[in-house]
Amino acid sequence: MAEQDWLREQFTQHHNHLHAVAHRMLGSASEAEDAVQEAWLRVTRADTEQVQNAAGWLTTVVARVCLNILEARRARREDPAGPLPPEPAAPHPGTAAGGQAGPEDQTLLADSVGVALTVVLDTLKPAERLAFVLHDVFAVSFAEIATVIDRSPAAARQLASRARRHVQGTADASDAARSPKREIVEAFLAAARDGDFTALLRLLDPDAVALEIRGAHEVAAFFSGRAQAARLALVDGVPAAVWSHRGRPRALLAFTTSAGKITRITVDTDPDLLQDLDIVFLPAGHRESR
């Protein structure tokens, strides 16, 4: 009885996290709840004497259930049920229950797997999708992922890397990623990093506003030599710049443009707002073929 009470307490404590994992994996709120319920049935029949990290163990159980659902869905060649779901809450890398956060260059997409990319995830093979979502979104280690998919940690890393390239490539090929505004924002970031005052002036409207600063010369002087760590991104589908630390967004630079010039730059550091954004980082140096 004591063991069942402990299980129920742990499952209740981590229910929201488990549902978020399933939701990201399956793209359906109803299927996610079914997966969590199936996971509960499995854990009640499991031997828990060797369990030291309850959250991590429960995450792997839910992941196995989701993998089975994805494989069955792929075998039936059926589309995900229902319309795209609302965005589920998900922990950031470094705070997830499943394991240690990976290197920053492997978690650049940690907050980018929003509703807009659900369709992209549906094109991945089940094991690729699982490895990508568990590692890049929930910071589960490749060693733990390997136990779910019955492969080596190196193979799990390769699956996540392959999925990441696919997701990134799809984002880069989108209309927004190839838009004129993207080129303006990218050029602004490059000029700011290089301290190219003349280039900044060419990009700014004479009456440009940034924070409390007004006028192209004043705004250019403020940003010249700055924005070293800001990265080009699609934020809710719109080109912008995001500064992140260890995979977590810390500041958003949003740009308003008119007639090919930047008229306003806003900076937002509200963590609650940043957490709810759909962010897809884009590679630098992109130029649309002509």
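**Exercise 1. State how many salt bridges the structure holds, then examine Asp136 and its partner.**

The structure holds six salt bridges, each a side-chain nitrogen of Lys or Arg within 4 Å of a carboxyl oxygen of Asp or Glu. This is a predicted model: local features need pLDDT of at least 70, side-chain atom pairs count only at pLDDT 80 or more, and totals for chains, interfaces and linings use all residues. Residues are numbered from 1 along each chain as its sequence is written, and side-chain values use heavy atoms, without hydrogens and water.

Step 1. Asp136 pairs with Arg164, the closest N and O atoms being 2.7 Å apart.

Step 2. The pair links distant parts of the chain, 28 residues apart: Asp136 lies in helix 6 (residues 126-137) and Arg164 in helix 8 (residues 153-172). Helices (H or I, at least four residues) and strands (E, at least two) are DSSP runs, numbered from the N terminus.

Step 3. Asp136 is buried, at 0% relative accessibility. Arg164 is buried too, at 13%. Buried means under 20% relative accessible area, exposed over 50%, partly exposed in between (1.4 Å probe, protein chains only).

**Exercise 2. Describe how strand 3 joins strand 4.**

Step 1. Strands pair if DSSP finds at least two bridges between them. Here five bridges join strand 3 (residues 231-235) to strand 4 (residues 238-245), running antiparallel.

Step 2. Ala233 has Ala240 as its bridge partner in strand 4.
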